[in-house]
Amino acid sequence: MENSIPTACPYDCPDACPFLARKESGGSLSIGPNPEFPLGGGFICPKGARWDLVRKHPSRLKTPLRRNGSSWDMISWDEAWSLWANKTEDSISRWGPLSVFFSRGYGSLYFSKNLLGNVFATLGGYTTTIGSLCGAAGVAGLKKTFGFTPVMLPDNISSHSMGVLLWGRNAAETNTHLLPLIGHLRNRGGSVAAIEIRETATTRIADSWWRVRPGSDGSLAILLCARLLETGAVCGSWRNNVSNPAAFEAMLSGLDRSAALESTGLKENEIDEIALWLIENRPVALYPGYGIQRYLAGSDTFHALAALSVLLGGLEERGGGVIFGKDEMTLFPRSLLRTSPVIRNMPVSSWYSRGNISPPLGVAVFCGGNPAKQSPCAGAFAETMSRIPFKVCVDLFMTETAHMSDLVLPASMFLEEGPDWRGSWWHQYLSRAVKAVDPPEGVLSDLEIFSGLARKMGINADLERERIEMDRILLDDQRIKRISEGIYSWNEPETWGNGHAVARMPEKTPEQSPFSRGLRMVTVHVAGYINGQTAGSSSENAGVPEVVLSPENLSALGLVDRSRVIIRGGSGSMKAVVRSDPGVGDDFCVVRQGIAGVNSLTLPMASPGYGAPFHENNVFISAAGGKRENA
Ligand SMILES: Nc1nc2c(c(=O)[nH]1)N[C@H]1C(S)=C(S)[C@@H](COP(=O)(O)OP(=O)(O)OC[C@H]3O[C@@H](n4cnc5c(=O)[nH]c(N)nc54)[C@H](O)[C@@H]3O)O[C@H]1N2
Ligand SMILES: Nc1nc2c(c(=O)[nH]1)N[C@H]1C(S)=C(S)[C@@H](COP(=O)(O)OP(=O)(O)OC[C@H]3O[C@@H](n4cnc5c(=O)[nH]c(N)nc54)[C@H](O)[C@@H]3O)O[C@H]1N2
Ligand SMILES: [Mo]
């Protein structure tokens, strides 16, 4: 298309859509799908189409800001870099390089963001986070099975799977480019099922769905393994692909079935129904979501899902397997990363709840993330922030994290910089984006901002030059094939379906979550916006959030639909309006993630694999102004 500029959505979303941006009169950009994207289906979602509103949003930061008591002074870039460099030098001379903390979020998944750490590596070391707020627990469970993160590509679903089991994955809201692939599978006579704790947009498009209790999916998967083995409905040669078949079978024969069944809330005949669905729809793609691994036992759950898929022949048959997050940065040229003599890693979801650390943090730098809103236990985060002498936040907006900082720096966005690349944690396509428009005056790219610090500190780190080098390496990479302007693909090796991988099966029954009684809060992602980024969406100023409960739980609390309540938990409380929903199971409530206040109710814990078990919490709901009613 003439005048179309190839770019791509930066969001931490599996679809990772290539876009075409076109300049309109009056300086606007229209953003639409790139029709050459094989998984594009000719559409982009509303939050992608909204990017030009975000770009021109009146609240965008335009100038560096320095805290002055409770207000902010506008300062020049030179003053900002001098202040930041002086504070960093002071901190290093007092406490050493590990007193400098660098934290990156998931705001933009462009490859160039990987270069930012080079500045800190050159300082001789730094402290950073390990794990993720997102899928680390699930990935850890899959790694327990294979020793690495296994890959199954979505093309497999449209071409080979006969069943897709959306296991706690709300794809109709969070992965909408899966829907055309499901259409292809259905045209071949295939079937779609879901396992959920509540009715969702996804259960409504499934041919069948079953409701489980929160946190019980590992037990369900193990029960299904036992059922399939005893009916003989397993792939005949599964033992050939497994390193420990005897220990796995011994675990299954020692399983306390009635306890496991009770934990799931399902009936015996429902286990049979699910087992039958799996048998009848082979090859089955198990398609787990992020919600089912936000528990302390999240990695065990994924180990059990992988085992179930092995029994179903997932390692041998195309179209079978577990499809979950993979590394979207696999093709980022590692040669560009500078190493550092020492790095101190702290768990991303709990570093701020550990009390004093030594050496202490003297300077903390946040870029492309909003942990004050998106990390569990906002109260503990705020408290720790108040004890760090100097905090810098680099963002497009004055976020909750920026508000807690001493220096706030305005970053440009993907449309205003480039060339840059991104991959996907779902598919094998890459996008190469070029700059579409100039940033607002006074706004710099993340790379320019961090290079400016390096310059002031006398360090040699020109990250914009490294970006150009990265682009050259990728354009020359023989593994990467050009599909059309801006869209590339690579022949990403798959783990499932080709008979090569060897799995280590679970030898223990999955742990049950310690919070199985009381009112648990489950937070969910929604179609309207992504993660904490609500700018320009209808949720931006949406007022009092909703907490959704089953009608039984609602009346047990003595509340009526739409009444105003206070939810207490973790380190704080939140005002909300209750809504009764018969689609929600018992003994938990559902709140949207990404709204202000919700993470004051969650707890700062790390699950095995350094995941964030957001759903391990108990909350107390009471009528606003009234006393606690379900303590
Ligand atoms: N529109 C939009 N798209 C997004 C995002 C977004 O915020 N908005 N976020 C992106 C990111 S970063 C991520 S990580 C993904 C998340 O994508 P998803 O995994 O689809 O989203 P979640 O809401 O985390 O969890 C999915 C479902 O898990 C269910 N669930 C919770 N606990 C359990 C359980 O114990 N068992 C079962 N069976 N189900 C359970 C919840 O009810 C929820 O519907 O989406 C990505 N895409
Ligand atoms: N309770 C609860 N909490 C959750 C979740 C949940 O399910 N429940 N989900 C978790 C999940 S899955 C995730 S992935 C995390 C995400 O949490 P975060 O990592 O905080 O990610 P975002 O909220 O997407 O974006 C962070 C910031 O990046 C900024 N940004 C965007 N592009 C750029 C850029 O190019 N440069 C700079 N400097 N800034 C940019 C945005 O303005 C935004 O303020 O949240 C987690 N938090
Ligand atoms: Mo995520």
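Student: Which residues are linked in a network of salt bridges?
Tutor: K113, E417, D420, D446, E464 and R467 form that network. A salt bridge here is a side-chain nitrogen of Lys or Arg within 4 Å of a carboxyl oxygen of Asp or Glu. Before going on: this is a predicted model, where local features need pLDDT of at least 70, side-chain atom pairs count only at pLDDT 80 or more, and totals for chains, interfaces and linings use all residues. Residues are numbered from 1 along each chain as its sequence is written, chains are lettered from A and ligands numbered from 1 in the order in which they are written, and side-chain values use heavy atoms, with hydrogens and water left out.
Student: Okay, how many salt bridges does the structure hold?
Tutor: It holds 32. In one of them, the side chains of R60 and E416 meet at 2.7 Å, N to O. R60 sits in the loop between helix 2 (51–55) and strand 4 (65–68), and E416 in the loop between strand 16 (407–410) and strand 17, so the pair ties together parts that are 356 residues apart in sequence. Helices (H or I, at least four residues) and strands (E, at least two) are DSSP runs, numbered from the N terminus.
Student: Are R60 and E416 buried or exposed?
Tutor: Both are buried. Buried means under 20% relative accessible area, exposed over 50%, and partly exposed in between, with a 1.4 Å probe and protein chains only.
Student: Which residue does K456 meet in a salt bridge?
Tutor: Its partner is D78, at 2.9 Å from N to O. K456 belongs to helix 18 (residues 446–456) and D78 to helix 3, 378 residues apart. K456 is partly exposed at 33% relative accessibility, and D78 is partly exposed at 45%.
Student: Switching to sheets: what is the strand order in the open sheet of four strands?
Tutor: The order is 17-18-20-19, with antiparallel pairing; two strands pair if DSSP finds at least two bridges between them. Strand 17 (420–422) and strand 19 (480–484) are at the edges with a single partner strand each, so one side of each has no neighbour in the sheet.
Student: And which residue stands opposite W421?
Tutor: That's R432, in strand 18. Strand 17 and strand 18 (residues 429–433) pair over three bridges.
Student: Last one: where is S537?
Tutor: S537 is in the loop between strand 21 (520–524) and strand 22 (546–549). S537 is buried, at 8% relative accessible area.
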